[in-house]
Amino acid sequence: MIICADDFGLRSEVDEAIDELCGLGRLGAVSCMVAFERCDAALCHSLRRYEANIDLGLHLCLTDEGLKREATLAPASRNLRFLLNRVLLPGASSADIAREISLQFGLFAEKFGRLPDYIDGHLHVHQLPGIRSGLLEFIATLPAAERPYVRNTSSRTGQLISVGLPWGKAKLIGHFGTAMKNLLAAADIPTNSGFYGIYDFAKSPKFPTYFPRFVKLADDANSILVVHPGKDEAWRRQEWETLRRFKPEPGQINRFQRA
């Protein structure tokens with residue numbers, strides 16, 4: 001399985017938690033918010049110490065949370081509510097989205113000194129109709145050797161119910177994930193085979209009991225178990241501490257396996 005930590009570059013306490021977990025061998029991928037000014041080249045290069053064992057991904061930021069620079073999109077489009085309305089309505093411009101993705105892809109290459117292994121989205125927005133078409137449009141412009149894999153959040157409600165895991169939020173996110181997974185397959189773009197780790201963050205005290213069940217389900221090499229570790233917020237800290245205590249079996253955590 002791939003244990004993937006989201007939000008690297010968001011805040012120092014998040015970065016520190018992720019860096020520590022990389023050093024402990026608890027992660028197989030890290031999603032990076034290179035659109036943030038604080039996620040600079042020095043911070044990105046520090047993460048490259050672990051690139052032999054983890055995938056480094058572009059965590060697309062298309063909302064206004066912490067984003068300080070000007071994007072190619074109008075500033076209002078970085079408000080999540082506005083963004084959702086825009087991309088779900090007919091006439092949304094995939095070309096605008098493709099340009100923004102191209103800009104952030106370029107920022108990743110500039111700051112890391114290499115291309116991303118994969119692309120996903122903050123708040124999973126890369127799967128929304130107007131955005132996913134722009135993402136596919138952008139990836140089609142890349143040489144085959146430079147095309148990253150793309151994360152999908154498709155999940156099986158029955159699986160979650162069978163092991164006593166929460167399923168409502170996962171089902172909602174998975175609705176867009178299944179459509180994304182089908183489009184990626186049709187475009188011959190690599191993607192993960194399973195997706196786990198979704199729950200109500202307000203119930204983070206239950207995460208230590210959820211986590212081993214997520215691990216049990218993520219039994220395929222290309223299944224992703226998403227986490228959001230940090231040291232300050234209670235829910236992030238709960239995830240960080242749970243991952244620190246986790247003792248994976250040899251080879252249990254891996255990078256994405258391309259065919």
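Which residue lies over the face of F201, and at what distance from the ring centre?

**View 1. A charge over a ring at F201.** K169 lies over the F201 face, 4.0 Å from the ring centre. The criterion is NZ of Lys or CZ of Arg within 6 Å of the ring centre and within 35 degrees of the ring normal. R244 sits over W240 in this way, at 4.5 Å from the ring centre. The model is predicted: local features need pLDDT of at least 70, side-chain atom pairs count only at pLDDT 80 or more, and totals for chains, interfaces and linings use all residues. Residues are numbered from 1 along each chain as its sequence is written, and side-chain values use heavy atoms, without hydrogens and water.

**View 2. The F105 and F138 ring pair.** The structure holds eleven aromatic pairs (Phe, Tyr or six-membered Trp rings with centres within 6.5 Å; planes under 30 degrees apart are stacked, over 60 edge-to-face, the rest tilted). F105 and F138 have ring centres 5.1 Å apart and planes at 65 degrees, so they pair edge-to-face. F105 belongs to helix 4 and F138 to helix 5 (residues 129–140), so the pair ties together parts 33 residues apart in sequence. Helices are DSSP runs of H or I, at least four residues, numbered from the N terminus. F105 is buried at 6% relative accessible area; buried means under 20% (1.4 Å probe, protein chains only).

**View 3. The F108 and F112 ring pair.** Their ring centres are 4.2 Å apart and their planes at 20 degrees, so F108 and F112 are stacked. Both F108 and F112 are buried.

**View 4. Surroundings of V34.** Beyond neighbours within four places in sequence, V34 is in contact (heavy atoms within 4.5 Å) with residues including C39, L58, F108 and F112.

Terms used: Helices (H or I, at least four residues) and strands (E, at least two) are DSSP runs, numbered from the N terminus. Buried means under 20% relative accessible area, exposed over 50%, partly exposed in between (1.4 Å probe, protein chains only).
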